[in-house]
Amino acid sequence: MPADPLAIACDLVRCRSVTPQESGALALLARMLGDGGFTIHRVTFSQPGTADVENLFARIGDTMPHLVLAGHADVVPPGDETRWRHAPFAAEVEDGVLFGRGAVDMKGAIACQVAAVLDHLAARGGAPKGSISFLITGDEEGIAVNGTVKLLKWAAARGEKFDHCLLGEPTNPNHLGDMLKIGRRGSLNGSLVVSGMQGHVAYPALADNPVRRIVAIMGALMAEPLDNGSAHFDPSNLEFTSVDVGNPTVNVIPAEARARFNIRFNDRHTQASLKSLIEARAAAADAAYGGSFDNTAAAGATGQHFRFDWEPSNADVFVTRPGPFVDLVRRVIAEVTGRTPELSTSGGTSDARFIKDYCPVVEFGLVNDTMHKIDERVAATDLEALTAIYRRILDRYFDQGAA
Ligand SMILES: [Zn+2]
């Protein structure tokens with residue numbers, strides 16, 4: 001009898017595994033995969049100042065090729081539970097639709113991965129032609145320091161080598177088969193800090209108002225696009241998220257103004273080149289700014305009246321170039337769904353940004369229109385179809401190869 005992805009998804013949804021709680025979700029996976037012949041490792045990572053997080057690594061087979069299926073068993077909080085049509089952790093099915101936190105992001109997809117793998121193995125006498133691993137974290141929806149990034153390092157230290165990874169994040173905007181993600185933009189946060197000279201609001205010529213200067217610099221940073229996009233990416237974008245002076249008075253020109261921003265960047269940049277570009281544009285705008293007050297005191301050694309504070313980022317841009325593996329996955333999705341998925345790099349970041357350092361990774365999962373929302377839900381038919389897709393990928397990967 002084939003494995004039932006809906007039943008597995010229901011069991012997973014009933015585990016209240018809001019980050020960083022495990023709540024039985026990994027134990028459930030460990031039991032199912034263990035019964036299927038996998039060697040199971042439950043690994044807990046910790047870091048001062050953060051909650052300990054449990055993760056799971058499971059492998060079957062000891063030869064190449066080695067395909068790793070990745071995902072996260074943690075979920076975001078449900079929000080106001082009384083606003084849900086069905087309680088968020090009750091896993092109720094109404095008219096063929098499973099309601100519950102994690103239904104699409106991404107316990108549903110994990111259930112499909114497990115069902116597909118168990119069916120694939122059952123059809124081969126319980127053993128794969130190569131190796132299959134599950135890399136399941138409990139720290140994706142949180143700050144993501146005790147999850148995939150450490151689990152990958154842990155696996156590498158054990159000598160694990162992966163050939164390809166299929167991550168089951170929800171990727172489809174409307175219908176299963178819409179979109180296959182082959183990369184992600186990078187993300188960088190920074191603050192622009194402009195210094196001026198404090199003074200009386202009625203005597204602006206005796207002060208250097210940093211509000212005027214920061215507006216000029218922000219204007220310059222927003223005026224020109226960072227690039228025009230690339231083969232697989234939309235144009236990079238800088239978005240200001242906050243402008244702050246924190247001035248409680250009505251009659252004092254402040255001494256400093258700050259603005260925070262986020263940049264989503266494509267493969268035309270590295271973090272370093274992006275910082276240089278932004279700093280150069282700010283310097284030009286600063287130099288061109290014609291203030292009425294010659295404020296050399298506020299200027300730094302460089303003669304600039306601004307500085308950037310860059311936050312550390314572990315979200316670099318990456319792309320898995322189309323090739324045999326991408327082709328295989330794309331073809332299978334088209335065969336099962338009748339839709340040829342767009343190869344996309346849109347959206348936020350995901351744990352694929354860490355996996356890409358170890359092997360090529362693509363992402364394909366459920367429809368993402370209800371993820372993180374009240375009444376997150378998935379159609380049982382989508383779970384069946386996604387299981388069929390994963391199953392066919394496994395069959396073809398191990399029977400025909402995709403190296
Ligand atoms: Zn997710």
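Colleague: Where is the place of P20?

Modeller: This is a predicted model. The elements to look at are α1 (5-13) and α2 (25-35), and the place of P20 is in the loop between α1 and α2.

Colleague: What is the omega of the peptide bond from M64 to P65?

Modeller: P65 is found in the loop between β2 (53-60) and β3 (66-72). Most peptide bonds are trans. The bond from M64 to P65 is cis, with omega near -5°.

Colleague: Is A91 buried or exposed?

Modeller: A91 lies in the loop between β3 and β4 (93-94). Its phi is positive, about 55°, although A91 is not a glycine. Buried means under 20% relative accessible area. A91 has 5% relative accessibility, so A91 counts as buried.

Colleague: Which phi does D95 have?

Modeller: The place of D95 is in the loop between β4 and β5 (97-99). Most residues other than glycine have a negative phi. D95 is not a glycine, yet D95 has a positive phi of about 50°.

Colleague: And is D95 buried or exposed?

Modeller: Exposed means over 50% relative accessible area. The relative accessible area of D95 is 75%, so D95 is exposed.

Note on methods: Residues numbered from 1 in each chain as written. Predicted model: local features only at pLDDT ≥ 70, side-chain atom pairs only at ≥ 80, totals over all residues. Heavy atoms only, no water. Helix = DSSP H or I, 4+ residues; strand = E, 2+ residues; numbered from the N terminus. Buried < 20%, exposed > 50% of the residue type's maximum accessible area, 1.4 Å probe, protein only.
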